[in-house]
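I opened the notebook to record what I looked up in this structure. The entries are in the order I made them.

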Amino acid sequence: MKGALVGADHSLSHQARRPTARDDGPRAVVDGVLAFAAELWEAGIERHGTEPAAVGLAVPGIVDEAEGTAVYSANLGWRDVPLRELLAKRLDAPATPVALGHDVRTGGLAEGRIGAGAGVDRFLFVALGTGIAGAIGIDGRVEPGAHGGAGEIGHITVRPDGPACGCGRRGCLELFASAAAVGRAWADACGDPGATAADAAAAVVSGDARAAAVWHEAVDALAEGLVTALTLLDPRVLIVGGGLAEAGETLFAPLREAVRAKVTFQQLPTIVPAALGDAAGCLGAGLLAWDLLSAEVSS
């Protein structure tokens, strides 16, 4: 978990990290989120002499932003958690606005407004981390969908005969092209159970044929999923972030070529790396919070 105090000018006056503790179960994760938020709240009072004006919280899975509910997360195991209500109670600040958003859509909001997509009318942000998800950007906002599930491209089927996914389907994109998936594949290939996606990228650069095969499979699957997304959304810019994107041109050079080889009638977007790094989620949560305050002033 990452947290920050975010100013109206997008400055980060304080940043912190805490373990998610997902192995302890969904209730422990919720408790950890609330405790972390309370800690940040107190840090804000200590640093600035006043309570934070609003709170932004971003979580993975299906999120009902209007109701403030974390509907479902395959990776965290929770369902229908009223996070906005729970957080307001934990902070004992019923008058303070609390915004709840999806973690990748929130990161995409930051990239679209103040990062790699600034000034772009249509973009798709894709984060390659533990899983894969996307954010559909339209004129400075991110589309949540009718039920909070827009952008879940990690669950596009790219290998119909592939392994079962936690979502209940088979052959999903994130089973092959997430940073976690690449790490697992390289660990199997090299025999080191602690190997990561970053290790795989380094081995590709060094010329390891086993790593090249793992990397090729991941890039090909990723390109397959992205072409499906491009066909549906027709973005002007495709922004790729998350842990796997830290490989730089080791990822982007073959990915651009693989996408180009797979398109037929689709217009190729500009494919660029995310600009904000792992601060994007915190900056996006801050934008959600400041947007709430702006909406209150307007009304």
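Entry 1, a term I needed. A residue counts as buried when its relative accessible area is under 20%, and as exposed when that value is over 50%. I also noted that the model is a predicted one.

Entry 2, strand β7. I looked up residues 98-102, which form strand β7, and found five of its five residues buried. In a regular strand the side chains alternate between the two faces of the sheet. Which strand pairs with β7? I found strand β3, residues 55-59, which pairs with β7 in the parallel sense over five bridges.

I listed nine helices and 12 strands. The C-alpha trace spans about 55 × 40 × 35 Å along its principal axes. I compared the radius of gyration with the globule rule: a compact globule of 299 residues would have a value near 19 Å, and the chain has 19 Å, so the two agree. Of the 299 residues, 46% count as buried. I then looked at contacts between residues at least 6 apart in sequence, and 61% of them join residues at least 24 apart.

I noted 23 positive and 36 negative side chains. The centres of these two sets lie 3 Å apart.

Strands β1 (residues 2-6) and β2 (residues 12-17) run antiparallel and are joined by five bridges. G3 has A16 in β2 as its bridge partner. The two strands form a hairpin with five residues between them. In the turn, H10 has a positive phi of about 75°.

Strands of a sheet pair through backbone hydrogen bonds, either parallel or antiparallel. What is the order of the strands in the open sheet? I read it as β10-β9-β8-β11-β12, with mixed pairing. The edge strands are β10 (141-142) and β12 (270-273), each of which pairs on one side only. Within the sheet, β8 (residues 122-128) and β11 (residues 237-241) run parallel and are joined by five bridges. F123 has V237 in β11 as its bridge partner.

I found V33 in helix α1, residues 26-48. Is V33 buried or exposed? Its relative accessibility is 9%, so V33 counts as buried. Leaving out residues up to four places away in sequence, V33 touches M1 and L57. I also checked V33 against S11: they are 22 residues apart in sequence, and their C-alpha atoms are 22 Å apart in space.

D139 sits in the loop between β9 (132-138) and β10. Its phi is positive, about 50°, although D139 is not a glycine. At 55% relative accessibility, D139 counts as exposed. D234 is in the loop between α7 (209-233) and β11. The phi of D234 is near 50°, again a positive value in a residue other than glycine.

Note on methods: Residues numbered from 1 in each chain as written. Predicted model: local features only at pLDDT ≥ 70, side-chain atom pairs only at ≥ 80, totals over all residues. Heavy atoms only, no water. Helix = DSSP H or I, 4+ residues; strand = E, 2+ residues; numbered from the N terminus. Rg over C-alpha atoms; globule rule 2.2 N^0.38 Å. Buried < 20%, exposed > 50% of the residue type's maximum accessible area, 1.4 Å probe, protein only. Contact = heavy atoms within 4.5 Å. Lys, Arg positive; Asp, Glu negative; His and termini not counted. Charge placed at Lys NZ, Arg CZ, Asp CG, Glu CD. Pairing = 2+ DSSP bridges.
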